[in-house]
Amino acid sequence: MTAGTSLTHGTTTAGHELAALQREHGGPLFALLFRLCDGDRQRAEDLVQETLVRAWQHPEALHADGFDSVRPWLLTVARRLAIDARRARQARPPEIGEEIPETARVTADHAERAAAMLDVREAVKTLTPEHRDVLVLVYFLGASVAEAAQTLGIPPGTVKSRAYYALRALRRVLPGYTADLR
């Protein structure tokens with residue numbers, strides 16, 4: 001289809017002219033969009049259709065004076081659509097299919113997590129006050145060894161040894177949670 005032809009909105013005429021536009025320029029449009037879509041065939045096909053819809057919506061652009069072919073206009077529209085589609089994909093989180101990826105972290109449901117918290121609380125109560133204080137500061141409140149030593153008024157080496165022995169005692173009391181405590 002050259003610049004001299006028009007694309008009207010009549011049902012059969014527009015369909016024939018759009019089909020002619022597709023036959024003449026569809027291959028180069030698809031080739032460009034396939035490269036711009038990083039080899040995603042379906043996305044490239046969708047963008048070819050969108051480009052042809054834009055041509056149908058703007059027939060005045062297709063028969064502008066001074067142009068031998070509408071291909072440059074179509075390629076420009078296609079390139080801009082591909083850029084817009086890429087920006088839209090980057091602006092939102094990646095889409096995930098129905099299946100769960102193998103690398104996805106499996107998390108326990110709320111009831112299991114609550115039960116585990118109760119088990120850990122009961123186990124921490126069995127520790128000596130010295131071990132419990134170190135464990136709470138370092139592991140539950142996120143204090144560094146130096147901060148815990150300063151808070152408790154004991155040397156950093158004592159904080160480390162109490163934390164070690166506290167975790168060891170918890171491993172004995174909570175055998176099912178051993179992997180989580182290492």
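I began with contacts across the chain in this predicted model. Of the contacts with a separation of 6 or more, 57% join residues 24 or more positions apart.

Next I checked the make-up of the fold. I found eight helices and zero strands, so my sketch of the order from the N terminus reads α-α-α-α-α-α-α-α.

Then the surface. I noted an accessible surface of about 12,600 Å² for the protein, and carbon and sulfur atoms hold 55% of that area. Of the 182 residues, 26% are buried.

I moved on to one helix pair. How do α6 and α7 cross? The axes of α6 (residues 129–140) and α7 (residues 145–152) come within 9 Å and cross at roughly 140 degrees. That angle makes α6 oblique to α7; I had to check the cut-off here, because only angles over 145 count as roughly antiparallel. I wrote the crossing of α6 and α7 down as right-handed. On the α6 side, the contact is made by Asp133, Val134, Leu137 and Val138, while α7 brings Ala148, Thr151 and Leu152.

Last stop: aromatic rings. I counted two aromatic pairs in the structure. One of them is Tyr164 with Tyr165, edge-to-face, with 5.0 Å centre to centre and 80 degrees between the planes.

Methods:
Residues numbered from 1 in each chain as written. Predicted model: local features only at pLDDT ≥ 70, side-chain atom pairs only at ≥ 80, totals over all residues. Heavy atoms only, no water. Helix = DSSP H or I, 4+ residues; strand = E, 2+ residues; numbered from the N terminus. Buried < 20%, exposed > 50% of the residue type's maximum accessible area, 1.4 Å probe, protein only. Contact = heavy atoms within 4.5 Å. Areas by Shrake-Rupley, 256 points an atom, 1.4 Å probe, with all protein chains shown as cover. Phe/Tyr/Trp six-rings, centres within 6.5 Å; stacked < 30°, edge-to-face > 60°. Axes fitted to C-alpha atoms, helices over the stretch in contact; angles between N-to-C directions. Parallel < 35°, antiparallel > 145°, perpendicular 65-115°, else oblique. Left-handed = near helix turned anticlockwise from the far one by under 90°.
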